[in-house]
Amino acid sequence: MNEQPVKYHRPLSPRISIYRWRAPMLASIAHRASGVALVLFVPLYLWLLHGMTSSPDHYDATLTWLHSLPGKCSLWFVGVALVYHFSNGIRFLLIDVGWGESRKMMRFSALVVLFIAALASLMFAWLLFL
Amino acid sequence: MRTVKEPGSAHGGLSDWYWQRLSAVVLAFLLPLSFLLMLMVFSGAVDQQGLLDILDHVASRVLHTLLILALMVHAYMGLKVILEDYVHMLAWRIPLIATMLVLMSGFGIWWLALIWAWA
């Protein structure tokens, strides 16, 4: 906890501006960013669910919105965030049980999950926009 | 974890760690399912009647409820850690975390009501 007087400015915890960028660091920050993105999607998901479970007119309107550009972009964004958070989450769980804790393996697995996310972004773009 | 001997000054460290991972495992199974269902609705493979049939089923209501509970636990702890890392002023941090908890509980209750509303 923060026990120092307010005047004393410590650096922010994960020191983004100080350390050299490495794949595991990018993977860690991206896990937070994708997590926040997924939380922001929850109200939208509730709105979609609400629309789709009421009258047929509501359902059609919701589906039309989902096929509009903002709808497709939201689906693309949440899809990529989900694939990334899912893959890197499994990576974190594996590291927690003691698999791939070496520096070399951490870098390699970070590159793997980033590659999976890049692949997913292309796949969802193809799926939604073509 | 094998080498950790002190659970932190608040003695809540292990509990948070454990709940974050338990909810992660639940979400890893259930979240892709709901996303797939949404994609199937998007593509037209499932129409409204099909969607309602799936959502009406007692198994999917129970799974959906578990999903919501795990999501609330997981998102609360994740956002809490982020706020604790980047918001250093306690006068901001504590009200922010509290507001987040109240807002998320509200969303969770609304969502549960949506799931269990129609008979």
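The model is predicted, so its side-chain atom pairs are counted only at pLDDT 80 or more. Chain A has four helices and zero strands, and chain B likewise comes to four helices and zero strands. The helix pairs described below include one pair within chain A, H3(A) with H4(A), and two pairs that bring helix H1 of chain A together with helices of chain B, namely H3(B) and H4(B).

- Read from the N terminus, the elements of chain A follow the order α-α-α-α, and the pattern read along the sequence of chain B is α-α-α-α.
- Of the 130 residues in chain A, 35% are buried, while in chain B buried residues make up 38% of the 119 residues.
- The accessible surface of chain A is about 8,200 Å², with 71% of it supplied by carbon and sulfur atoms, whereas chain B has about 7,100 Å², of which 75% belongs to carbon and sulfur atoms.
- When contacts in chain A between residues at least 6 apart in sequence are considered, 66% of them join residues at least 24 apart; in chain B, residues 24 or more positions apart account for 67% of the contacts with a separation of 6 or more.

**Packing within chain A: H3 and H4**

- Helix H3 of chain A, which covers residues 69–96, packs with helix H4 of chain A, residues 103–129, at an angle of about 160 degrees, and their axes are 9 Å apart.
- Because angles over 145 degrees count as roughly antiparallel, H3(A) is described as roughly antiparallel to H4(A).
- The crossing of these two helices, H3(A) and H4(A), is right-handed, and the residues of their contact divide into 19 nonpolar, five polar and two charged.
- A:Ser121 lies in helix H4 of chain A, and A:Ser121 touches A:Trp76 and A:Val80 when residues up to four places away in sequence are not counted.
- A:Ser121 has a relative accessible area of 18% and is therefore buried, since the cut-off for that word is under 20%.

**Packing between the chains: H1 of chain A with H3 of chain B**

- By class, the residues of the contact of H1(A) with H3(B) divide into twelve nonpolar, one polar and two charged.

**Packing between the chains: H1 of chain A with H4 of chain B**

- H1(A) and H4(B) pack at an angle of about 20 degrees, with their axes 11 Å apart, and that angle makes H1(A) roughly parallel to H4(B).
- The crossing in which H1(A) passes H4(B) is left-handed.
- The contact is made by A:Val42, A:Pro43, A:Tyr45, A:Leu46, A:Leu49 and A:His50 of H1(A), and by B:Phe107, B:Trp110, B:Trp111, B:Leu114 and B:Ile115 of H4(B).
- Sorted by class, the contact of H1(A) with H4(B) has ten nonpolar, one polar and no charged residues.

**Two residues of chain B**

- B:Ala70 has its place in helix H3 of chain B, and with 8% relative accessibility B:Ala70 counts as buried.
- Although B:Ala70 and B:Ser23 are 47 residues apart in sequence, their C-alpha atoms are 4.8 Å apart in space.
- B:Ala70 touches B:Ser23, B:Val26 and B:Leu27, with residues up to four places away in sequence left out of the count.
- B:Trp116 is found in helix H4 of chain B, which covers residues 90–117, and B:Trp116 is partly exposed, with a relative accessible area of 42%.
- The C-alpha atoms of B:Trp116 and B:Arg61 are separated by 7.1 Å, although these residues are 55 residues apart along the chain.
- Leaving aside neighbours within four places in sequence, B:Trp116 is in contact with B:Arg61, B:Val62 and B:Thr65.

Key
Residues are numbered from 1 along each chain as its sequence is written. Chains are lettered from A and ligands numbered from 1 in the order in which they are written. This is a predicted model: local features need pLDDT of at least 70, side-chain atom pairs count only at pLDDT 80 or more; totals for chains, interfaces and linings use all residues. Side-chain values use heavy atoms; hydrogens and water are left out. Buried means under 20% relative accessible area, exposed over 50%, partly exposed in between (1.4 Å probe, protein chains only). Contact means heavy atoms within 4.5 Å. Accessible areas come from the Shrake-Rupley method with a 1.4 Å probe; for residues, only the protein chains shown count as cover. Axes are lines fitted to C-alpha atoms, for helices over the stretch in contact, and angles run from 0 to 180 degrees between N-to-C directions. Angles under 35 degrees count as roughly parallel, over 145 as roughly antiparallel, 65 to 115 as roughly perpendicular and the rest as oblique. A crossing is left-handed if the near helix is turned anticlockwise from the far one by less than a right angle, and right-handed if clockwise. Ala, Val, Leu, Ile, Met, Phe, Trp, Tyr, Cys and Pro count as nonpolar, Asp, Glu, Lys and Arg as charged, and the others, Gly among them, as polar.
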